[in-house]
Amino acid sequence: MKLLCVLLPHFPLRCEVLRRHDLAGRAVAVAYSLGSRRRLLDFTPGLEGLERDMPLPQALSRHGGLEILHADMPHYWRIWNGVLDALEKVSPLVEGTVLGEAYLGCDGLGLLYPDDDALTAMVREAVPPGFEAGIGIAGGKFPACLAAATGPSGGCRAIGNETDWLRDLSCDLLPVSPKIKARLHDFGLHTMGKVAEIPLFKLEAQFGPEGRRLGELAAGCDSTPLCPRQSEEIIEESTSLPSPSASLDVILMAVESLLYRAFARFNHQGLGMRSVELWSRTSLDEHWQKLVHFKEPAMNCRSAMVRVRQVMECCLQPGPVEELGIRLVRIGRPAGQQDNIFTDVRSDEKLLDDIRQLELKMGAPQLYKMKEVEPWSRIPERRYVLTPLGR
């Protein structure tokens, strides 16, 4: 299968530079939190000794003057999804599970693009301004990615014979751990051609299952299938709190309001929510996100909040929350459910449905309830709040 790889180097950093032009030319590192540890997501090109996923203290020990930025993953994925949407207009088969790295299926596009130059030109038009794209074309993901990474700046490298082209490249380009790369050099296997000369069973005996894969990649054989992303409706809602708050009750109340707004956009179609991605931004510009799945589609906000509350009680926020949002990524229909045999009994859900119908008819909520928010607050207005009874 013929594949085209599009690489946008240092994608998270470029997103930050486009948002803050004063960062251009400065030594900047983008860091993310993994549990209680901070790791490096991206950094300014040209800083030696730095690599992705490196512990932040180790990076600061090598470059003490680094300016640290908190990774804004929702912002990066919002821009990246826009890039993937534009690439899908060039080819219907697009995979982009890694930020800044996309693969396009090229088979069957000969009637639209007579040659690789025409295809490359369309791909470059799909890349937004401010990003430098490297493009490579080959018969597998790994050689296409290498072609895009080592190709000329602003150009395209198409590989015909992967084995001959990979022969003289360093084995450090193989996607294996640094420990295995060091052992390859200890054995005198400094290039991919040398690694490809070793029988696969010997590599497998020395390095385990990973040895067979690195031998196949060194020979230019990558059978990893293309997994195009599936088109689905995505609903996003966000809000800013009047003041930064660390109160879980305040945060949950804001999330509940966002869920009501989201359900109002699709719930009338008889659809439910299968998963929702929660994210927040603190007053110190730290970011938190969590993907919540539902065993059965949540058909209303009340049932969704039961699961959301459980997750947010276990996953603490990194600080006082200033902005938060939700992203519904899976919307579908529920499985069949048996109705109550006693149809004359008015359940709580039926009563809530009647209240919602009244709200739709009158154009505004008619029934309210008092909800406790911050009973310990010195300000009376913050202790309780009126919320619509059907919500």
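**Salt bridges in the predicted model**

Tutor: Glu 323 forms a salt bridge with Arg 281, with 2.4 Å between the closest N and O atoms. A salt bridge here is a side-chain nitrogen of Lys or Arg within 4 Å of a carboxyl oxygen of Asp or Glu. This is a predicted model: local features need pLDDT of at least 70, side-chain atom pairs count only at pLDDT 80 or more, and totals for chains, interfaces and linings use all residues. Residues are numbered from 1 along each chain as its sequence is written, and side-chain values use heavy atoms, leaving out hydrogens and water.

Student: Is Arg 281 buried or exposed?

Tutor: Buried means under 20% relative accessible area, exposed over 50%, partly exposed in between (1.4 Å probe, protein chains only). Glu 323, at 23%, is partly exposed. Arg 281 has 15%, so Arg 281 is buried.

Student: Which residue forms a salt bridge with Arg 26?

Tutor: Arg 26 is partly exposed at 31%. The N-to-O distance in its salt bridge is 2.5 Å. The partner is Glu 67.

Student: How many residues apart are Arg 26 and Glu 67?

Tutor: Strands (E, at least two residues) and helices (H or I, at least four) are DSSP runs, numbered from the N terminus. Arg 26 sits in the loop between helix H1 (11–19) and strand E2 (28–34). Glu 67 is in strand E4 (residues 67–70), and the separation is 41 residues.
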